Amino acid sequence: MVVLISSDNEWFTVDKDVVNRICSIKVENDDQPIALENVTSDVLKKVLEFCEYHRSDPLSSDDKPSEQHQWFNSTKRQPDICEWDSNFVAAMDRDTLLDIVLAANSLEIKPLLDAGCKNIADKIRGKTTGEIREFFNVPNDLTPEEEEQIRRENVST
C-alpha cells in the first residue's frame, strides 16, 4: 500500500498497482507518504477512480520516464479512448473536468489527459470566441474598437 497526500492534506491509502498508473510517481519506499502539491482531494478521488478502473491494463516495460507506463495506443494520431473513459469525463462538470486535465497532465496519466482533452475539444468545437472565453472563464481584454478592427481584418472576401 502507498499513502498519497492531496494538496488539501487528505491522506489516501492506495494499492501499489493503482499508483503505478500514475507515471510521475515512482514508489521506492512504501513507508514514505507521497505529497501531491497540485492535486486537491476531490480531484485525487476522481484520478484514483480512473486508475482503479484501469489497474489491470497491461503496463509497458519501457524504461523511459515519460513512457514508462504506456497503457494506451501511442501509434495512432488520435488516441483510443474507451467508452468508459469517455463517459467518465463526460459526467464531470466543467470545473472538475478542467482540474482533472491539469492533474492528469501533472501526474502524467496520458489516457486520462487524452479523454479529458478530447471531451473539452468536443465541447468547444464550433463555438465562437466569446463562447470559448466563457467556457474557460477568460476575460475579454479587448476594447469594442479593437474587436471591430479584428472583425474587419478577418472578413472573408
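The questions and answers below go through this predicted model.

Reader: What pattern of helices and strands does the chain follow along the sequence?

Author: The chain has seven helices and three strands. Read along the sequence, their pattern is β-β-α-β-α-α-α-α-α-α.

Reader: Which element gives the largest share of the largest nonpolar core?

Author: That core has 34 residues. L4, I22, V47, I109 and L112 have the most contacts inside it. Elements giving two or more residues include β1 (2–5), β2 (11–14), α2 (41–53) and α5 (110–124). The largest share is seven residues, and it comes from α4.

Reader: With which residues is L112 in contact, leaving aside its neighbours within four places in sequence?

Author: L112 is among the residues with the most contacts inside the largest nonpolar core. Set aside its neighbours within four places in sequence, and the contacts of L112 are V47, F50, F88, V89, I100 and A104.

Reader: Are α2 and α3 roughly parallel or roughly antiparallel to each other?

Author: The axes of α2 and α3 come within 11 Å. They cross at roughly 170°. Angles over 145 degrees count as roughly antiparallel. The two helices are therefore roughly antiparallel.

Reader: Which residues of α3 meet α2?

Author: On the α2 side, the residues are K46, E49, F50 and Y53. F50 is also one of the contacts of L112. On the α3 side, the residues are W84, D85 and F88.

Reader: How does α5 lie relative to α6, and which residues of α6 make the contact?

Author: The axes of α5 and α6 (residues 129–136) are 10 Å apart, at an angle of about 140°. That angle makes α5 oblique to α6. From α5, the contact uses I120, K123 and I124. From α6, it uses I132, F135 and F136.

Reader: Is S6 buried or exposed?

Author: S6 lies in the loop between β1 and β2. Its relative accessibility is 4%. The cut-off for buried is under 20%. S6 therefore counts as buried.

Reader: What does the side chain of S6 make a polar contact with?

Author: Leaving aside its neighbours within four places in sequence, S6 is in contact with F12, L36, V39, T40, S41 and L44. The polar contact of its side chain is at 2.5 Å. The partner is the side chain of D8.

Reader: What is the phi of E108?

Author: E108 is found in the loop between α4 and α5. With a relative accessible area of 35%, E108 is partly exposed. It is a residue other than glycine, yet its phi is positive, near 60°.

Reader: How many disulfides does a search of the whole structure find?

Author: C51 has 0% relative accessibility and counts as buried. C82, at 32%, counts as partly exposed. The number of disulfides found in the whole structure is zero.

Reader: What percentage of the contacts with a separation of 6 or more comes from residues 24 or more positions apart?

Author: The chain has 157 residues, of which 31% count as buried. Take its contacts with a separation of 6 or more. Residues 24 or more positions apart account for 63%.

Technical notes
Residues are numbered from 1 along each chain as its sequence is written. This is a predicted model: local features need pLDDT of at least 70, side-chain atom pairs count only at pLDDT 80 or more; totals for chains, interfaces and linings use all residues. Side-chain values use heavy atoms; hydrogens and water are left out. A nonpolar core is a set of buried Ala, Val, Leu, Ile, Met, Phe, Trp, Tyr and Cys residues joined through side-chain atoms within 4.5 Å. Buried means under 20% relative accessible area, exposed over 50%, partly exposed in between (1.4 Å probe, protein chains only). Helices (H or I, at least four residues) and strands (E, at least two) are DSSP runs, numbered from the N terminus. Contact means heavy atoms within 4.5 Å. A polar contact is a pair of N or O atoms within 3.5 Å; within protein, one must be able to donate a hydrogen and the other to accept it, and residues adjacent in sequence count only if both atoms are side-chain atoms. A disulfide is a pair of cysteine sulfur atoms within 2.5 Å. Axes are lines fitted to C-alpha atoms, for helices over the stretch in contact, and angles run from 0 to 180 degrees between N-to-C directions. Angles under 35 degrees count as roughly parallel, over 145 as roughly antiparallel, 65 to 115 as roughly perpendicular and the rest as oblique.
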